[in-house]
Amino acid sequence: MADDQPSVTATQYYEPDPESYVQFQREIYASLRKPKYSTKPHEWEAAARNTIPLPNFLYVFGAASSESTHAANRSAFERYRLRPSMLVQATRRNMSTELFGKKYKSPLLIAPIGVQEIVHPDAEEATARAARAANVPMILSTAATRSIEQVAKANGDGDRWFQLYWPKPQAEEFTASLLNRAEENGFSVLVVTLDTFQIGWRPNDLDESYLPFIWGQGCQVGFSDPVFQRMYAKQQAEDTRSGGQKLAELWQVLRRPGSLYGAARVLSNASIIPKALFFTSLVASGNYRDWSDLQTLRRLWTGPIVLKGIQTVEDAHRAISYGMDGIIVSNHGGRQLDGAIASLDALAEIGADEKVKQSGLTVLFDSGIRTGSDVLKAVALGAKAVLVGRPYVYGLAMGGEEGVRHVMSCLLADTDSSLANLGRKSLSEVTRDDLRIVQGVAKL
């Protein structure tokens, strides 16, 4: 009988790490008062809704058409349930992950979201400072309301990546200039968004006729670019219309809003609107690219290239074939194609593929992260790291830099706590064996 007993070894005890992310939870309790901001993701959303103008909020909150893709992104997390293990020595945990040869303290990245000025006047600079403070990489959007240089300065010695809305083929010189500026300002990874050559059908924005780019918001990366400035000056110089024709066009535009306020706004932005329209004609023109165009980016960018918007195993294979360094499994937060597969389900398929696993392709995840358990589920399905999107923008709306820091602190602490309660000592231990897929959520 004694031979059947498990061998007994001396237990090694550890003290909790006072620098762990879950320390944020202890600090809240030790304060003996309610935190300034809620720790609940749905309350961040509600705070943002109550803080900023409704059209601005809906631009961030909204999704494509019936919003079924956005709904699918969230409901997918309910179908993957975690299976915790007990009596695991998880007193001290390792939340780090390695991406493109560099070790990061956590698996969280700040997703590229444009026009942040519409939710807070400090915009991307506040986000950049918060990202540095949280030790989380920030991915800067081409559609930012601050220049590449301004964000780099605000981010200081933080980690930063650059997201490219790929200009049309006729503007390759502009693309080269953007990438050169990004590299010169310390952006180490290029993220190329593939799913927005044509903007999605977004009823919330359409019903308000709300597109901030028309007013120059989200165009600052372009406006501050010397090649863009030269291209725009050339276009203006080649405009052969008479002064009378230009005045007639302005009069027609002034009448469009149907109100004195709208007309006054158009008039006050008369010099900005043509420039903004020129910028959008380059980066959101409806001109699609194909796989062979990636060789141009490889020539222009010396660091890792990551393709954002991959949703199928077949496209993941193409990314491997074309020598890409990584992919972000993403459906743009449900903002592009209505009725699409949930991003987590796409990750489940891509992460299980043998060719992907053997290739060394770095797989990241985006679209739907709200909690620490969401992070662990994505990691279990094959993601090396995840992008946080709408939640941090809600944080920016409710409190600027402080709000973003709060949201990121909550998500980092929640992930750390969830890792411990799952019974895992490091992210590298989290696998598909830690998940069970259920067809319906259990009910009492």
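Me: What volume does the second largest pocket have?

Reply: About 790 Å³. Keep in mind that this is a predicted model.

Me: Which residues are closest to the centre of the second largest pocket?

Reply: Tyr59, Tyr165, Arg202, His332 and Arg335, out of 43 residues that line the second largest pocket.

Me: And which elements each supply at least two residues of that lining?

Reply: For the second largest pocket, those are helix 3, helix 4, helix 13, strand 11 (385–388) and helix 19 (390–422).

Me: How does the lining of the second largest pocket split by class?

Reply: There are 21 nonpolar residues, 16 polar ones and six charged ones in the lining of the second largest pocket.

Me: OK, now the largest pocket. How much space lies in there?

Reply: The largest pocket holds about 960 Å³. It has 29 lining residues, and the closest to its centre are Ile214, Val253, Val266, Ile273 and Leu277.

Me: Which elements give two or more residues to the lining of the largest pocket?

Reply: Five helices turn up: helix 3 (54–61), helix 10 (226–237), helix 11 (243–255), helix 12 (260–268) and helix 13 (272–283). By class, the lining of the largest pocket has 15 nonpolar, seven polar and seven charged residues.

Me: What's the radius of gyration of the protein chain?

Reply: 24 Å. A compact globule with 444 residues would be near 22 Å, so the value agrees with that.

Me: On to packing. At what angle do helix 4 and helix 16 pack?

Reply: Helix 4 (residues 68–79) and helix 16 (residues 343–352) pack at about 55°, and their axes are 7 Å apart. That angle makes helix 4 oblique to helix 16.

Me: Which residues make the contact?

Reply: Helix 4 brings Asn73, Ala76, Phe77 and Arg79, and helix 16 brings Ser343, Leu344 and Asp345. The contact of helix 4 with helix 16 has three nonpolar, two polar and two charged residues.

Me: What about helix 7 and helix 10, what's the angle there?

Reply: Helix 7 (residues 172–184) packs on helix 10 at about 155°, with the axes 8 Å apart. Helix 7 is therefore roughly antiparallel to helix 10.

Me: Who's in the contact between helix 7 and helix 10?

Reply: From helix 7 you get Glu173, Phe174, Ser177 and Arg181, and from helix 10 Pro226, Val227, Phe228, Arg230 and Met231. Those divide into five nonpolar, one polar and three charged residues.

Me: Last pair: at what angle do the axes of helix 2 and helix 3 cross?

Reply: Roughly 145°, and the axes of helix 2 (residues 41–51) and helix 3 come within 8 Å. Glu45, Ala48 and Arg49 in helix 2 meet Leu54, Phe57 and Phe61 in helix 3. By class, the contact of helix 2 with helix 3 has four nonpolar, no polar and two charged residues.

Definitions and conventions
Residues numbered from 1 in each chain as written. Predicted model: local features only at pLDDT ≥ 70, side-chain atom pairs only at ≥ 80, totals over all residues. Heavy atoms only, no water. Axes fitted to C-alpha atoms, helices over the stretch in contact; angles between N-to-C directions. Helix = DSSP H or I, 4+ residues; strand = E, 2+ residues; numbered from the N terminus. Parallel < 35°, antiparallel > 145°, perpendicular 65-115°, else oblique. Contact = heavy atoms within 4.5 Å. Nonpolar A, V, L, I, M, F, W, Y, C, P; charged D, E, K, R; others polar. 1 Å grid on protein atoms, 1.4 Å probe; cavity = no way out; pocket = protein on both sides within 12 Å on 5 of 7 lines; lining within 4 Å. Points joined across faces, edges and corners; volume = space filled by probe spheres on them. Rg over C-alpha atoms; globule rule 2.2 N^0.38 Å.
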